[in-house]
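Please keep the sequence and the coordinates at hand while reading.

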Amino acid sequence: MLTKMQIAVLNISMFTYKLGFERAYDIVPLRRKQKIDQLKNEKDKARGLAAEFVLNYCLMQYKDKENIEENYIKNLSESDIEKSINDKRAFSYEMEYQYGGKPMLTGINPICFNLSHAGDYAVCAVSNVPVGIDIEGRHQINEKVMKKCFSEKEKNWVNENEEKKQERFFRLWTAKEAVSKATGKGLSQIIEGIYFQVGDTLVLENEDLKSVYNICEVDSLRDEKYYITTAIKQSEK
């Protein structure tokens, strides 16, 4: 089976002004509105909206199988979003949550997806196999997280170069999160046991995970100090 994955990146700016937010809010499914209504911060609300729109875009594209290439990455424009919401199938999907909190689509098989958002961006990965994605950046390194969840080798690698410390931390952290999300077990159950061989390319050190998941670092937002990583289950031979 050929593994296909689409990654889409969306800037939340179109949802941060009042009219743009209100128009978008009116369109999204009730379950998303309920989540947004629980948020206090306006930027958090905008990120919540962006997550639904980037997911809708990916699903509309994925259903047109011929449009999907292996590891295809797209930075979305407002015209991309307009086109996807005008599709007659837009927002026609339903969700349920697995044990551990990972969302999954119902009645659509085989389409797997995962979402993440941080700062000014929301990202989505859609595939025909289990996938996880994480975006981080533009904030301080969490030393407590590094102490608890990084191996000694990883900590030494992060700390040995002050100039690259933030980059190395977020490369590792997004990779750990992506793997934990791809497993569907949730962050708290697995992340302390995910370790990497470090360097120019991150390679899973855990043999049981290494044989199951491929890691892909996305560098399209590196200039803005955002780090995106996906973990995708290897297709069965």
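Two strands are said to pair if DSSP finds at least two bridges between them. Helices (H or I, at least four residues) and strands (E, at least two) are DSSP runs, numbered from the N terminus. The model is predicted: local features need pLDDT of at least 70 and side-chain atom pairs count only at pLDDT 80 or more, whereas totals for chains, interfaces and linings use all residues. Residues are numbered from 1 along each chain as its sequence is written, and side-chain values use heavy atoms, with hydrogens and water left out.

Strand β1 (residues 5–11) runs antiparallel to strand β6 (residues 121–127), and 7 bridges join the two. Within this pairing, Leu-10 has Ala-122 of β6 as its bridge partner. Both strands belong to an open sheet of 4 strands with the order β2-β1-β6-β5 and mixed pairing. Its edge strands, each pairing on one side only, are β2 (72–75) and β5. On average, neighbouring strands of this sheet are turned by 15° against each other, direction ignored; here axes are lines fitted to C-alpha atoms, for helices over the stretch in contact, and angles run from 0 to 180 degrees between N-to-C directions. Helix α3 lies across β1, β2, β5 and β6 and runs at about 30° to β6, where contact means heavy atoms within 4.5 Å.

Which elements each supply at least two residues of the lining of the largest pocket? They are α2 (30–37), α3 (42–63), β3 (94–97) and β5 (112–118). The lining comprises 19 residues, of which Arg-32, Lys-35, Ala-51, Leu-115 and His-117 lie nearest the centre of the pocket. By class, the lining divides into 7 nonpolar, 5 polar and 7 charged residues. A pocket is an open set of points on a 1 Å grid over the protein atoms alone, where a 1.4 Å probe fits, with protein on both sides within 12 Å along at least five of seven lines; lining residues have an atom within 4 Å of a point. The volume of the largest pocket is about 390 Å³, counted as the space filled by probe spheres set on the points, which are joined across faces, edges and corners.

Some loop residues complete the picture. Phe-91, in the loop between α4 and β3, has a positive phi near 55°. Phe-91 is buried because its relative accessible area is 14%, buried meaning under 20%, exposed over 50% and partly exposed in between (1.4 Å probe, protein chains only). Lys-225 lies in the loop between β10 and β11 and has a positive phi of about 65° although it is not a glycine. At 45% relative accessibility, Lys-225 counts as partly exposed.

Terms used:
Ala, Val, Leu, Ile, Met, Phe, Trp, Tyr, Cys and Pro count as nonpolar, Asp, Glu, Lys and Arg as charged, and the others, Gly among them, as polar.
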